[in-house]
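Notebook open, model loaded. I want to look at the cavities, the metal site and the annotated domain.

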Amino acid sequence: MQASHLLLEEPIRLASILESSTPNPFSSMTKIIGTLGPSSRDVETIEKLLHAGMSVARFDFSWGDIDFHQETLDNLKKAVKNTRKLCAVMFDTVGPELQIINKSEGPIQLTAEEFVVLTPDATQVASSSVLPVNYPELASVVKPNDTIFVGQYLFTGSESTSVWLEVVEVQGTNVKCIVKNSATLTGVLFTAHAAGVPVGLPTLSDFDKETIAKWGVRNSIDFISLSYTRHAEDVRQARAHLTKLGDLYQTQIFAKIENVEGLKHFDEILKEADGIILSRGNLGIDLPPEKVFLFQKAALHKCSMAGKPAIVTRVVDSMTDTPRPTRAEATDVANAVLDGADGILLGAETLRGLYPVETITIVQKICAEAEKVFNQAVFFKKTVKAVGEPMAHLESIASSAVRAGTKVRASVIVVFTSSGRAARLIAKYKPSMPVLVVVIPKLTTNHLRWSFTGAFQARQCLAVRGLFPMLADPRHPAESSTSTNESILKVALDHGKAAGIIKAHDRIVVCQKVGDSSVVKIIELDAY
Ligand SMILES: Nc1ncnc2c1ncn2[C@@H]1O[C@H](COP(=O)(O)OP(=O)(O)O)[C@@H](O)[C@H]1O
Ligand SMILES: C=C(OP(=O)(O)O)C(=O)O
Ligand SMILES: [K+]
Ligand SMILES: [Mg+2]
């Protein structure tokens, strides 16, 4: 009988664990998103991150100004050019984040059982007895016994650098708390999170809107990571903002689920968003620890069935200071892959950690190893069953491509697309072989100028498990004809060969339109 869990079909031969893994020329199928910052913003380091497998760079606007991020992004562009490795750009909003600014920048010692006051008075200097928070309404939304967490920007979960507070008393606009664990807060910015407490600030702040309109437009951002998404309406509003900003109508919105409100409205948010970020850092404060895994498994399942990419955060926090993850962290990364995650997002590890390159290398290796034992057959069956019959035309073509790829043990699936739709549908069935996405540019006009689509759509594949995009030459017409199809396919196969994923005699599944019909064909390469 076949196992129904998502870990391989046969019991693992334990001795095989000791055999070294064959290096994977195409990195892992699971994508790695790195937050860029002080530890990872020079060209040389970014080149190493790209070689190690980072395919999306996150710019977190909770911290740093526009010029700082611009300099980092200009370096990323140089690194992409030098390495010839594509990398997408993700803009992370500040949103309704509660922040404490530590103007003096000196360490703040907090001692267990002592009191500290949270105040909306921004003129106060942060100290062991008072912490100024950027939210005037805090006192009216919390009550005694509520839990408030305060940690360094991109906190790692270490209890010596972050603190748990319990509300003792509301005193006017101030909130008096008792410190639950001794800690030293360092850095200029701390994030505060009141567990389960609704914050009445807009999801897209005025700062976010302005920064997207300036920095985002200037840099053609591929993704918005919409922090603290709580309702589908948040996504609709962000979409309405993007639609007004030239090329950014193509930007995808990944809703970050980081509190119970987002969890409650998960289904409606998933319908509206292009992807989901399971923000376990903040959500891990709202949820009791014993429930976090349940959220992860349930949410990843929903994303898989919807065919929308899902990213898991906060996996190897301890690598911020050490060159190896803990056993629990290493196992956790593998479990995220087995649960069906598309990508892993790194925060403090790459932003300010001591081992940014090592972190990506290790996470990439764990992902690749987990993918090998992912029970694709069971996953495929479940997905086909959930989709039901009759299937939409393109869905049936996409699932057939994956089935054919498995049956003939194809080394890759090649898919032609302009919008990326066909590629995402193939990815939904999580094939065990890479999917080479050939993005065919389309000429469009906004009545003022002509431009090609394709660049956004290609880079957006970089957040989807198993997709490896390439842009076709815009001189090829978007209308498929036999001769253009053949010449584009040849370029794609040459690309696959150069990347080391296609060899002589390999079987390849191709998904494309011939005339008006979508077809799935299997080709067998000659010896060359
Ligand atoms: N330029 C092209 N040449 C050949 N086949 C294509 C092309 N663009 C899309 N296809 C195929 O057409 C079908 C619809 O794919 P889809 O991704 O929805 O296309 P589009 O991006 O043009 O909306 C799929 O079978 C896909 O492989
Ligand atoms: C990724 C998270 O948030 P941030 O954007 O603050 O890193 C998180 O809370 O897990
Ligand atoms: K943020
Ligand atoms: Mg967060």
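I began with the lining of the largest cavity: helix 8 gives the largest share, 3 residues. This is a predicted model, so I checked confidence before going on. The protein averages a pLDDT of 94, and 96% of the residues score at least 70. I also noted ipTM 0.97 and pTM 0.96 for the model.

Back to the cavities. I count 3 of them at 30 Å³ or more. The volume of the largest is about 210 Å³. Its lining has 22 residues, and Arg58, Leu154, Lys256, Asn282 and Arg314 sit closest to the centre. Besides helix 8 (280-286), strand 2 is listed as giving two or more residues to that lining. I sorted the lining by class and got 9 polar, 8 charged and 5 nonpolar residues.

Next, the second largest cavity, at about 70 Å³. By class I have 5 charged, 4 nonpolar and 2 polar residues here.

Then the metal. Which protein donors does the potassium ion (ligand 3) have? I find Asp60 (OD), Ser62 (OG), Asp92 (OD) and Thr93 (O), at 2.5 to 2.7 Å from the ion. Along the chain these donors follow the spacing D-x1-S-x29-D-T. Serine 62 and threonine 93 are 31 residues apart and link distant parts of the chain. I placed serine 62 in the loop between strand 2 (54-60) and helix 2 (66-83). Threonine 93 is in the loop between strand 3 (88-92) and strand 4 (98-101).

Last, the record. The unreviewed UniProt entry lists "domain: Pyruvate kinase barrel" for residues 29-360. I looked up that stretch in the model: it is 34% helix and 26% strand.

Key. Residues are numbered from 1 along each chain as its sequence is written. Chains are lettered from A and ligands numbered from 1 in the order in which they are written. This is a predicted model: local features need pLDDT of at least 70, side-chain atom pairs count only at pLDDT 80 or more; totals for chains, interfaces and linings use all residues. Side-chain values use heavy atoms; hydrogens and water are left out. UniProt positions are given in the numbering used here, feature names are shortened, and annotations may be inferred rather than shown by experiment. Helices (H or I, at least four residues) and strands (E, at least two) are DSSP runs, numbered from the N terminus. Donors are N, O and S atoms within 2.8 Å of the metal (3.2 Å for Na, K and Ca); water is not among the atoms, so sites may look incomplete. pLDDT is the predictor's confidence in each residue, from 0 to 100. On a 1 Å grid over the protein atoms alone, a cavity is a set of points where a 1.4 Å probe fits but cannot get out, and a pocket is an open set with protein on both sides within 12 Å along at least five of seven lines; lining residues have an atom within 4 Å of a point. Grid points are joined across faces, edges and corners, and a volume is the space filled by probe spheres set on the points. Ala, Val, Leu, Ile, Met, Phe, Trp, Tyr, Cys and Pro count as nonpolar, Asp, Glu, Lys and Arg as charged, and the others, Gly among them, as polar.
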